[in-house]
Amino acid sequence: MIAIIGSQRKKGTYDAVVQFGEYLKSYGGIEFEPLFLHNYKLEFCTGCKLCFDKGEEFCPLKDDRDLLIDKMNQADGVVFASPNYAFHVSARMKNLFDRLAFIFHRPRFWGKPCAAIVAQGIFGGDKLVDYLNSSGENLGFHAVGGCVVATLEPTTEAIRKKNEQKLQKAAAVFHKALGCPAPAPSLFRLLMFRISRTKIRSMLTEESRDFRYYQDNGWFVSDYYHETSLGFPKKALGRFFDVIGERITF
Ligand SMILES: Cc1cc2nc3c(=O)[nH]c(=O)nc-3n(C[C@H](O)[C@H](O)[C@H](O)COP(=O)(O)O)c2cc1C
């Protein structure tokens, strides 16, 4: 298990991650590695879109992006942890998702849970938990929640206890999800998949990396990205979403 930390310092976000890790490890047989993004060289995306169009190996930036992807590949689950900065995740954390946006097009981490931990002074963290979870799902993880911890100083015993309870609960939910198969998609995720694949098939050619990725994975004909039992209503809606995809023009 890894936790990717978007904070610059060993304070609120790190402390929360460590505590979450302790709760997780208490279930036994779990290794937990907190990783600070600032210890990795990760340049800002220049927007060339070569990763989207030709493939991630054509990215002109030579840095630790693939090292971080390897870490996620090796982990059974990932925690995305960030401080609340100006009502958003830290710039480092946002940059990570910018640099991994090609995986949003070609998701892969099926069957692995992700969770979010946000440290904040006062307000706005719930939306960041949603953002981190949604970004994790865009990469292919299945999001299982997480929590916001309050770090305003001086802190009180009541706040410390509440933080602990939230982290303990988040760790329990995360632990339960470990090793479980990827769940069936929500209607929103199904809609996104069916419209994306219809558009990729009609607008792109084999020249495009996205097109080849969909073709190689059988995604032009599958119900969803990964094997799943959709059930009758979602199967029917999936076909409807295919039709919508054909009619939508961008
Ligand atoms: C630049 C900056 C912006 C911040 N913006 C917010 C904010 O919008 N909402 C909030 O509740 N706390 C905000 N805070 C407080 C931090 O979220 C809080 O101090 C948190 O513990 C920082 O994480 P760290 O302890 O891991 O560094 C901000 C702090 C900084 C330095």
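Residues are numbered from 1 along each chain as its sequence is written. Because the model is predicted, local features need pLDDT of at least 70 and side-chain atom pairs count only at pLDDT 80 or more, while totals for chains, interfaces and linings use all residues; side-chain values use heavy atoms, with hydrogens and water left out.

**The domain interface**

The domain assignment divides the chain into domain 1 (2–177) and domain 2 (187–247), with bounds that come from an automatic or database domain assignment. The values for this pair of domains are collected below.

| Item, domain 1 and domain 2 | Value |
|---|---|
| Separation of centres, over C-alpha atoms | 28 Å |
| Area buried between the domains | about 1000 Å² |
| Share of that area from carbon and sulfur atoms | 43% |
| Salt bridges | 3 salt bridges |
| Polar contacts, both residues at pLDDT 80 or more | 7 residue pairs |

Here buried area is the accessible area (1.4 Å probe) that two parts lose on being put together, summed over both. A salt bridge is a side-chain nitrogen of Lys or Arg within 4 Å of a carboxyl oxygen of Asp or Glu. A polar contact is a pair of N or O atoms within 3.5 Å; within protein, one must be able to donate a hydrogen and the other to accept it, and residues adjacent in sequence count only if both atoms are side-chain atoms.

In terms of contact (heavy atoms within 4.5 Å), 14 residues of domain 1 touch 11 residues of domain 2. On the domain 1 side, His 105, Arg 106 and Trp 110 lose the most area to domain 2, together 45% of what that side buries. The side chains of Glu 57 and Arg 209 form a salt bridge, at 2.8 Å from N to O.

**Two helices**

Helices (H or I, at least four residues) and strands (E, at least two) are DSSP runs, numbered from the N terminus, and buried means under 20% relative accessible area (1.4 Å probe, protein chains only). In helix α4 (residues 91–99), the buried residues are Met 93, Asn 95, Leu 96, Phe 97 and Arg 99. These buried residues of α4 pack against β1 (2–5), α3 (65–74), β3 (78–83), α5 (101–105) and α6.

Glu 164 lies in helix α7 (residues 157–177), and it counts as buried because its relative accessibility is 18%. Leaving aside neighbours within four places in sequence, Glu 164 is in contact with Gln 19 and Tyr 23.

How values were computed. Buried means under 20% relative accessible area, exposed over 50%, partly exposed in between (1.4 Å probe, protein chains only).
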